[in-house]
Amino acid sequence: MTPATAFDPDVLGLPLFEDRHRDLAERLDRWCSGRDWAGPAGPADRCRALLAEIGAAGWLRHLDTDRPATELRSLCVRRQVLAYHEDLADYVYSIQELCAAAVTRYGSGEQRRRHLPGLAAGTGIGALALSEPGAGSDLAAVALEAAPDGDGFVLNGAKTWIAQGDIADVLVVLARTGDGPGPLGLTAFLVPGDAPGLKASPIGAIAPRSWAEIAFTDCRVGPDAVLGERGRGYVVALDVLERARMTVAAAAVGFAARAFRLALDHARGRRAFGSRLADLQLVKSSLADMRVKLSAASLLTARAAWAADSGEDYAEASSTAKVYATEAAGEIVDAAVQIFGAAGLVADSPVERLYRQVRSLRIYEGPSEVLQMSIAESL
Ligand SMILES: Cc1cc2nc3c(=O)[nH]c(=O)nc-3n(C[C@H](O)[C@H](O)[C@H](O)COP(=O)(O)OP(=O)(O)OC[C@H]3O[C@@H](n4cnc5c(N)ncnc54)[C@H](O)[C@@H]3O)c2cc1C
């Protein structure tokens, strides 16, 4: 079946999902379909406004929870629908989820009470600050120093590529406390965005979004800033990323479903050589190829989310879904541009935007090559 909206009903109808997921997909799709996504001009202001809007509509309400884990099929459903409709809506939603997941799963009662209500209302903005100029894929190399100082810590160093880093009210920051070698010497902290000594500078991106590098200069935090146990920050980071990986696959499916829809409509409406583009055999072949990849990506993503929610070991399924869906989305969007011809290259047209928006998914939360290595090692 052709996905006319963000979801392929054939996949959503499988027993991997329950009625509450089908209901969620339908409600969110309806909410998104009726929206005017235009907003403030700058990416930071747009992200802030979108988060407030999504929060006010109740789509983040589940983040204020005492349950140890957010249910992953719902998270994938939300990302797929939001990505289908609006890149930035998916972006702000996903980062809010990442930050809240760290607080929910590792925060003390007091930390959860302080941060989750704002994150769930969209009035408080979260960020997850792991990457550094010298530590991206290799998080064990994180160097930002957190030196003990009285009963607290003083942070010195830099983070970079941080989504919402320039607008965040609270950041989960991975830093080196030196309790052990390599990954054993890392601790996670909750740092307020307005902490003295923290300075965020926006980075321009291929698809405009709130994205920043952050300098920490004698930035002091109290003992209550430690998130989880001292020396266990690497575990916090890997756990949050491993769970989120399949949601990147879901977003990729959302982008790809949109590109496929646009390409199909265009191919059916455009005439060339006395027929419709959609009647030319090589165009048909391209559309069929897009459809096959889209189906495979949807099914791998659904399987990973189902495995996680069923309490099964899901690490390999999550990586497999992310590698396949993000690579396939890149190919599907590229094929859509080809079917549009020159019209697909017009700046700020929907297909041209998708071409830029989908690229980062193959890099963040584990580049394809890093995940391929871990899949190979699990064989
Ligand atoms: C849009 C976007 C948003 C982001 N948001 C955040 C955020 O909110 N918080 C945050 O902390 N970080 C964020 N990042 C950073 C992201 O996590 C890193 O870009 C990612 O981990 C890769 O690190 P790197 O860019 O330093 O690349 P590197 O680690 O330098 O790797 C470069 C390339 O080398 C190859 N490579 C690396 N390691 C291996 C390996 N073991 N085997 C084979 N090949 C390998 C891969 O092709 C990889 O793409 C974001 C990035 C993007 C693009």
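Here is a quick tour of this protein chain, from its overall build to one helix pair. The model is predicted, so to speak of local features takes pLDDT of at least 70, side-chain atom pairs count only at pLDDT 80 or more, and totals for chains, interfaces and linings use all residues. Residues are numbered from 1 along each chain as its sequence is written, and side-chain values use heavy atoms, leaving out hydrogens and water.

**Overall build**
- You'll find 11 helices and 10 strands in the protein chain (DSSP runs, H or I of at least four residues for helices and E of at least two for strands, numbered from the N terminus).
- The radius of gyration is 21 Å, close to the 21 Å that the globule rule gives for 379 residues, so the chain is as compact as a globular protein of that length (taken over C-alpha atoms; the rule is 2.2 Å times the number of residues to the power 0.38).
- Along its principal axes, the C-alpha trace spans about 80 × 45 × 35 Å.

- Of the 379 residues, 55% count as buried, meaning under 20% relative accessible area with a 1.4 Å probe, protein chains only.
- Contacts are heavy atoms within 4.5 Å; among those with a separation of 6 or more, 73% join residues 24 or more positions apart.

**Helices H4 and H8**
- The axes of H4 (residues 72-85) and H8 (residues 281-309) come within 8 Å and cross at roughly 150° (lines fitted to C-alpha atoms over the stretch in contact, with angles from 0 to 180 degrees between N-to-C directions).
- That makes H4 roughly antiparallel to H8, a label for angles over 145 degrees.
- Leu72, Arg73 and Cys76 of H4 meet Thr301, Ala305, Trp306, Ala308 and Asp309 of H8.

Technical notes: Parallel < 35°, antiparallel > 145°, perpendicular 65-115°, else oblique. Buried < 20%, exposed > 50% of the residue type's maximum accessible area, 1.4 Å probe, protein only.
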